[in-house]
Amino acid sequence: MLNVVYIYGLGHSGSTLLDLMLSGHDRIVGTGEASMLTSPDYREKRLAERETKKCSCGQTLQECVLWGTVTQTLVSNPETTHVDALGQLAHRFSESVGSNRWLSDSSKNAQGLDAWLELKRRGAIESLKVIHLVRDARSHAASQLVRSERSGIFNAMRALRFWKASVLQQLDALKQHQLPVHSVGYEELCLFSNASTAGICEFLELPYSESMQNPSGAHGHIATGNPMRLDARKSTATTYDHRWFFRRDIQLAYALLPGLENLNRSASYPLSGQNLKQPSFRPPTATHAS
Ligand SMILES: [Zn+2]
């Protein structure tokens with residue numbers, strides 16, 4: 001029976017990169033934001049585009065070996081519930097991709113996690129593990145301000161407070177669900193990708209795979225998410241967006257909010273606090289020190 005790894009966290013936390021890196025492992029297959037696609041709240045738009053929208057395997061959603069059957073069922077039976085739709089995806093995954101591989105879902109929201117939990121309760125999947133993905137509060141706030149075309153300390157504080165409340169809520173939910181959880185920091189994923197991906201392999205009880213360093217969605221069925229998934233060349237050349245280093249509104253707001261720095265350090269930099277001595281770990285070389 002199927003194993004599922006769910007990427008949980010805030011939107012715009014770098015889950016597309018993580019999804020691609022996971023799909024670089026031959027025992028993990030990324031499906032993108034699978035529970036988003038199957039959720040009745042979101043599926044209508046996706047289903048309408050299924051003849052043109054491409055999956056990372058190169059086929060359209062309609063032609064994809066995984067998504068073709070699932071989207072066809074949802075079109076024919078629009079009343080299918082979220083959990084049943086995800087159940088069909090899990091079933092189709094076992095048939096077409098193989099049940100000896102991990103299905104990764106990067107939907108990130110609580111709704112998706114709840115739906116997988118229900119499938120686990122029903123015995124429709126073997127195991128459910130969670131990767132809690134957190135991006136540095138300042139980096140997340142900066143991207144939010146850029147997207148909303150806002151700036152200034154008031155807006156920065158609001159964005160940082162949102163980050164803090166969301167991360168606390170996620171940690172609380174994870175504690176309640178008592179699922180196996182592994183924390184991944186987006187910054188560490190970019191800067192120490194060897195150690196970060198080695199930690200993920202250990203968590204999923206898989207041998208370490210070097211190919212996770214060269215993310216390409218070609219082996220996955222990533223049907224949603226940002227366009228990076230379709231351009232392997234672009235995704236391998238992904239560089240970290242460090243513009244927030246120079247934003248005074250964010251730096252000042254960050255310093256003024258009590259408790260934020262401690263939470264940001266522990267949630268966004270889980271590796272830095274650990275003693276890195278897994279045998280599979282190859283220390284990152286400091287070639288970009290200047
Ligand atoms: Zn596909």
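Among contacts between residues at least 6 apart in sequence, what percentage joins residues at least 24 apart? I found 78% for the protein, where two residues are in contact if their C-beta atoms, placed from the backbone, lie within 7 Å.

**Basis.** I am working with a predicted model, in which local features need pLDDT of at least 70, side-chain atom pairs count only at pLDDT 80 or more, and totals for chains, interfaces and linings use all residues. I number residues from 1 along each chain as its sequence is written.

**Inventory.** I looked up the secondary structure and recorded 13 helices and five strands. These elements are DSSP runs numbered from the N terminus (helices: H or I, at least four residues; strands: E, at least two). I then looked up burial: of the 290 residues in the protein, 41% are buried. A residue is buried if 20 or more other C-beta atoms lie within 10 Å of its own, exposed if 12 or fewer, and partly exposed in between, with C-beta atoms placed from the backbone.

**The sheet.** I traced an open sheet of five strands, paired in parallel, in the order β2-β3-β1-β4-β5. Two strands pair if DSSP finds at least two bridges between them. Why is one side of β2 and of β5 left without a neighbour in the sheet? Strands β2 (28–30) and β5 (181–185) stand at the edges and have a single partner strand each, so one side of each has no neighbour there.

Helix α1 (residues 15–23) does so, touching β1, β2, β3, β4 (127–134) and β5, and its direction makes about 145° with that of β2.

**Strand by strand.** I examined β1 (residues 3–9) and its parallel partner β3 (residues 102–108), which are joined by five bridges. N3 has W102 of β3 as its bridge partner, and V4 stands opposite L103 in β3. Seven bridges join β1 to β4, again in parallel. Here I7 stands opposite I131, and Y8 stands opposite H132. As for burial, six of the seven residues of β1 are buried, leaving the strand mostly covered.

Strand β4 has six of its eight residues buried, so the rest of the structure largely encloses it. I also followed β4 to β5, with which it pairs in the parallel sense over five bridges. V134 has G185 of β5 as its bridge partner.

**Helix α10.** Which residues of helix α10 (residues 193–203) are buried? I listed A195, S196, T197, A198, G199 and I200. The cover over the buried residues of α10 includes α1, β4, β5 and α9 (186–191). After α10 comes E205, for which I noted a positive phi, near 55°.

**Helix pair α4 and α5.** Helix α4 (residues 67–76) packs against helix α5 (residues 82–96) at an angle of about 150°, and their axes are 9 Å apart. The two are therefore roughly antiparallel; the cut-offs are under 35 degrees for roughly parallel, over 145 for roughly antiparallel, 65 to 115 for roughly perpendicular, and oblique for the rest. The crossing of α4 with α5 is right-handed. A crossing is right-handed if the near helix is turned clockwise from the far one by less than a right angle, and left-handed if anticlockwise. I listed T69, V70, T73 and L74 of α4 and A85, Q88, L89 and R92 of α5 as the residues making the contact. They divide into four nonpolar, three polar and one charged. Ala, Val, Leu, Ile, Met, Phe, Trp, Tyr, Cys and Pro count as nonpolar, Asp, Glu, Lys and Arg as charged, and the others, Gly among them, as polar.

**Helix pair α8 and α13.** Helix α8 (residues 153–177) and helix α13 (residues 260–268) pack at about 55°, and their axes are 11 Å apart. That makes α8 oblique to α13. I recorded the crossing of α8 and α13 as left-handed. L160, K164 and V167 of α8 meet L260, L263 and A267 of α13. The residues of this contact divide into five nonpolar, no polar and one charged.

Terms used. Axes are lines fitted to C-alpha atoms, for helices over the stretch in contact, and angles run from 0 to 180 degrees between N-to-C directions.
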